[in-house]
Amino acid sequence: MERKTLLTYCPDAKGLIAQITNICYKHQLNIILNREFVDHDSGQFFMRTELEGYFNDHTFLLDIDRTLPQGSYRKLVDSRRKRIVIMVTKESHCLGDILMKAFDGSLDVDIAAVVGNYDTLQALTEKFDIPYHHVSHEGLSREEHEQAMLSVISQYEPDYIILAKYMRVLTENFVAQFPARIINIHHSFLPAFIGARPYHQAWVRGVKIIGATAHFVTNDLDEGPIIGQHVIPVDHTFSAEDMAKSGRDVEKQVLSKALGMVLEDRVFVWGNKTVIL
């Protein structure tokens, strides 16, 4: 017996749930969990189905393809543990949180390596017996540095790249290597206060909440599809430094929660938005 997850999105039509679940029954697959959503504005249907049984992937997907309308997408995902590479600069809180949660099983993930443009976090990483690669950007153009990073990352063949407070803007060439597979944590409740020094921007503006946003990286800075967000209250007594300190706790929580949803194949990317089932 195997467990796999069928991910489907397509133009909405009558009877889609019944048609798909009937094919699962035809193939003697037990439905463990099923969730669906219809975006009435775009007319798109989304469904996530956890299945258990003996799979013949080819014939099962052929039957699914015969059922779905034109313009559909479907994917059958196995239950293997996904592999990630984490990119860092100097801040430890997001990296440390992911390392600990992977260690204790809170995140079911294989951290293949950590890659940083400084060696600041090497000792922390190696405490968990995970390879650390220091790829300095000193004396290199952005393109040269990214090529050096890619040379290291590509050897691990990661499913996802996690930017755990990696404080350099990625070029279009780098992003193109991992479409909808780079996850960033932004230290602001997007779309407010994009770019650098968001806590200082928030302090100047006198905001009453601060937050963090986990999103997929696109070529538009801090504007990729949002996976998760959270906020906490602040008031006039908070300095910019106080906001940044409180914000670090929010950042690590939002990033690890978003990563968990992605690892469980619960996140559909549709345009510049996500549907989470």
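Two strands count as paired if DSSP finds at least two bridges between them; strands (E, at least two residues) and helices (H or I, at least four) are DSSP runs, numbered from the N terminus.

## About the model

This is a predicted model, where local features need pLDDT of at least 70, side-chain atom pairs count only at pLDDT 80 or more, and totals for chains, interfaces and linings use all residues. Residues are numbered from 1 along each chain as its sequence is written, and side-chain values use heavy atoms, leaving out hydrogens and water.

## The open sheet

Let's start with the sheet. Strands β8 (residues 160-163) and β9 (residues 182-186) run parallel and are joined by three bridges, with L163 opposite N184 in β9.

Both belong to an open, mixed sheet of seven strands, ordered β7-β6-β5-β8-β9-β10-β11. Because β7 (132-134) and β11 (226-233) stand at the edges with a single partner strand each, one side of each has no neighbour in the sheet.

## The second largest pocket

Now back to N184, which is among the residues nearest the centre of the second largest pocket, together with R168, V169, L221 and D222. A pocket here is an open set of points on a 1 Å grid over the protein atoms alone, where a 1.4 Å probe fits, with protein on both sides within 12 Å along at least five of seven lines; lining residues have an atom within 4 Å of a point.

This pocket is lined by 26 residues. Strand β9 gives the most to the lining, with three residues, while α6 (172-177), β9 and β10 each supply at least two.
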